[in-house]
Structure formats: C-alpha cells, structure tokens
Amino acid sequence: MGNPVTLVELWRGGIFESAHQGHAVICDGSGQIIDAWGDPEMVIFPRSSCKMVQALPLVESGAADAFGLTDAHLALACASHSAAKIHTDTVREWIASLGYSDADFRCGPAMPADNDARNKLIKTDSSPCQYHNECSGKHSGFLTVVNHLKAGPEYIELDHPLQKAFKQSFEDVTSQDSLGHGLDGCSAPNFATTVHGLARAMAFFATAQDRNDLRSQAAARLTQAMIAFPEMVAGKAQSSTDLMQAMDGKVAVKFGAEGAFTAIIPDKRIGVALKITDGATRASECVIADILVRLGVLDPNHPTAIKYRNPRILNRNGWDTGEMHPVL
C-alpha cells in the first residue's frame with residue numbers, strides 16, 4: 001500500500017483502540033511538495049474529489065457560457081450533493097432547458113442523502129430517479145457539453161469526445177500521464193493518479209488566478225463558484241459544505257469516496273490531496289480539517305473544525321466514550 005502512515009487514532013478509556021492510515025500531500029503552484037505524509041507517489045483513484053477537474057471541459061468548451069450557466073450551476077457541476085430540493089430542482093430545470101430528461105442521464109438512480117427528500121420518497125412510495133444521484137450535477141454538466149458539441153448520447157464511454165477532453169485536462173493539471181482508469185459509482189471513468197499528482201492539480205486551481213490561459217480561467221471560475229455556493233457542492237451537514245462555510249470564502253474543498261479529500265487554497269497558492277487507505281470517510285474528514293487548521297485557514301476553535309478534527313465518540317445513550325484525533 002505504498003507505506004502509509006498513521007494519520008488518525010481512536011482512544012477509549014485512555015487505551016488506544018484503533019487507527020486509520022493513509023497518505024497526504026501539500027503542494028505549491030510549481031508542483032513542489034511543501035509537506036507530505038506517507039507515500040506521495042501512491043497511485044489512487046481521486047473519485048469525486050476531482051470533480052472540479054471533470055468540469056473543466058464544461059467551461060473550456062464554451063458550453064457554460066453558451067447555455068447561460070450561473071456560478072450556482074458550476075458549483076453543482078462539481079458537487080456530490082445530498083439531493084436536497086435545492087439540488088434536484090436545479091438539476092431538473094437545467095436538463096429541461098437543454099431538452100433532456102432524466103432518461104438521458106447515465107449515472108443511475110440513488111436514494112437521497114437529504115433526510116427530507118428521502119422521507120418524501122418513502123412516504124409517497126416513490127422510487128428514486130437519476131436526478132437524485134449525488135453526481136447528477138456533474139452529469140448535467142456532461143450533458144451540457146454533449147449538447148454544445150452535438151456529440152453522441154453515450155457520454156460516459158472512454159472514446160466519447162467529452163471523456164477524451166477530460167482525460168487530456170486531467171493529465172495536464174496532474175502533470176502525469178494517465179495511470180489507468182476505473183468506473184466511478186456514477187459510471188463515468190475515473191482516472192488514476194498519484195497523491196502528489198492530485199495535489200498538483202489542486203495547486204493548479206489554487207494558482208489559476210495568476211494566469212490568463214483558457215484552462216486557468218476555467219479553473220479559477222470553477223473554484224470561485226464552489227467557494228460562492230458551498231451549499232450546492234454537498235449540502236446541509238455535509239463535510240465539504242460545512243468546511244467551506246467555516247472558512248468564509250477562502251478555500252474550496254471536495255470530498256471523494258473511499259477516503260479521498262482535496263483542498264484548493266487560492267490565497268496561499270497551494271493545493272492539498274489525501275487518501276485514507278481503508279476508505280474511511282471519518283478519517284479523511286479528520287485529516288483534511290487538521291491540515292486546514294495547520295495551514296491557518298480554519299480556526300481550530302470553530303465548531304466545524306472541532307466537529308471533524310476532534311469529533312465526539314458517543315454511545316447510544318449519548319455518553320462520551322472516547323476520542324478521535326489526527327496524528328500528523
């Protein structure tokens with residue numbers, strides 16, 4: 001597993017109980033490593049932590065402007081949303097404006113993470129639709145590019161113009177050739193890279209404001225959209241949204257499945273990427289919060305920092321039973 005190191009520990013009754021290991025990299029705009037834990041060259045799947053990279057063709061191709069997309073739409077294109085009403089209403093209106101319906105998605109249906117939306121489906125004995133999928137915002141962006149390019153409907157295929165454009169942009173911003181691919185939970189290709197490569201990509205976004213080429217302009221626009229509309233990127237009580245709101249528009253962060261997490265810090269011109277080897281979300285949230293505190297962009301005393309960095313371990317009676325903390 002590329003020599004991971006322990007990043008998070010859990011203690012109960014003053015006795016060590018368990019740990020999560022992984023890899024993390026902080027990278028500057030030149031691609032150099034500022035700090036690292038574990039193996040920076042560990043090959044990983046970024047999963048949803050790279051959705052802002054997947055959205056680059058949406059802006060670069062001119063599709064976003066051609067269809068009048070707002071920053072809220074662009075934030076949703078980078079999202080792993082909870083399928084709250086704010087998300088699904090926007091997605092349905094968006095694809096309808098393109099002349100598409102739920103059947104044109106290729107992401108598959110999924111039960112909402114949002115309690116109100118999930119309970120509504122249960123109470124009405126309704127099945128979830130594809131627009132409920134946490135990746136439907138990304139796929140709405142995909143369909144926008146498809147419409148703009150007059151390309152075929154099977155936009156998740158590797159040889160589709162959209163995926164070819166994404167692969168090229170992914171390789172450019174990670175500064176690495178593709179190291180293979182797998183299918184993501186939403187059926188789109190997910191290209192592998194190293195933890196360092198993913199951090200380089202985030203640093204590219206963090207320094208995009210300093211350049212005037214088309215890709216950098218697209219990266220800067222997507223970053224600012226995420227920062228301006230954190231509620232569209234995930235949702236209420238979701239770590240990506242919580243952390244961005246806690247940092248008052250200074251940082252864009254993005255959760256990914258199986259223990260991936262990224263951060264874009266424009267003011268400091270640095271990017272962050274991490275991977276927890278056992279895929280634990282609680283550990284990736286803990287580590288990204290701690291790195292953000294270490295970098296001085298998240299107040300360690302903010303309730304959100306405490307929520308993810310030092311969460312309370314409660315039993316079913318609501319009693320404190322232990323502690324969880326980062327060990328960077």
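## A walk around the chain

Start by selecting E258, which sits in the loop between β8 and β9 (260–265). Those labels come from DSSP runs, numbered from the N terminus: helices are H or I runs of at least four residues, and strands are E runs of at least two. Before you go on, note that this is a predicted model, in which local features need pLDDT of at least 70 and side-chain atom pairs count only at pLDDT 80 or more, while totals for chains, interfaces and linings use all residues. Residues are numbered from 1 along each chain as its sequence is written, and side-chain values use heavy atoms, with hydrogens and water left out.

Back to E258: its phi is positive, about 60°, although E258 is not a glycine. Most residues other than glycine have a negative phi. E258 has 43% relative accessibility, so it counts as partly exposed. On this scale, buried means under 20% relative accessible area, exposed means over 50%, and partly exposed is in between (1.4 Å probe, protein chains only).

Next, click on D248, in the loop between α12 (239–246) and β8 (252–256). D248 is not a glycine, and its phi is positive too, near 50°. Is D248 buried or exposed? With a relative accessible area of 66%, D248 is exposed.

Now go to helix α10 (residues 214–228) and pick Q224. Q224 is partly exposed, at 42% relative accessibility.

**Inside: V8**

Jump to strand β1 (residues 5–12) and select V8. V8 has a relative accessible area of 0%, so it is buried. Which residues does V8 touch, not counting those up to four places away in sequence? Among them are S18, H20, C286, M324 and V327. Touching here is contact, meaning heavy atoms within 4.5 Å. Also find S284: it is 276 residues from V8 along the chain, and their C-alpha atoms are separated by 8.9 Å.

**Two helices side by side**

Show helix α5 (residues 85–97) together with helix α7 (residues 136–149): they pack at about 15°, with axes 10 Å apart. That angle makes α5 roughly parallel to α7, since angles under 35 degrees count as roughly parallel, over 145 as roughly antiparallel, 65 to 115 as roughly perpendicular and the rest as oblique. The axes are lines fitted to C-alpha atoms over the stretch in contact, and angles run from 0 to 180 degrees between N-to-C directions.

To see the contact, colour V91, W94 and I95 of α5, then S136, G137, S140, G141, L143 and T144 of α7. Sorted by class, this contact of α5 with α7 has four nonpolar, five polar and no charged residues. (Ala, Val, Leu, Ile, Met, Phe, Trp, Tyr, Cys and Pro are nonpolar; Asp, Glu, Lys and Arg are charged; the others, Gly among them, are polar.)

Stay on α7 and select H148. H148 is partly exposed, with 28% relative accessibility. Leaving aside neighbours within four places in sequence, H148 is in contact with S61, G62, A63, A66 and F67.

**Zoom out**

How many helices and strands does the chain have? It has 14 helices and 12 strands. The C-alpha trace spans about 60 × 50 × 35 Å along its principal axes, and buried residues make up 56% of the 328 residues.
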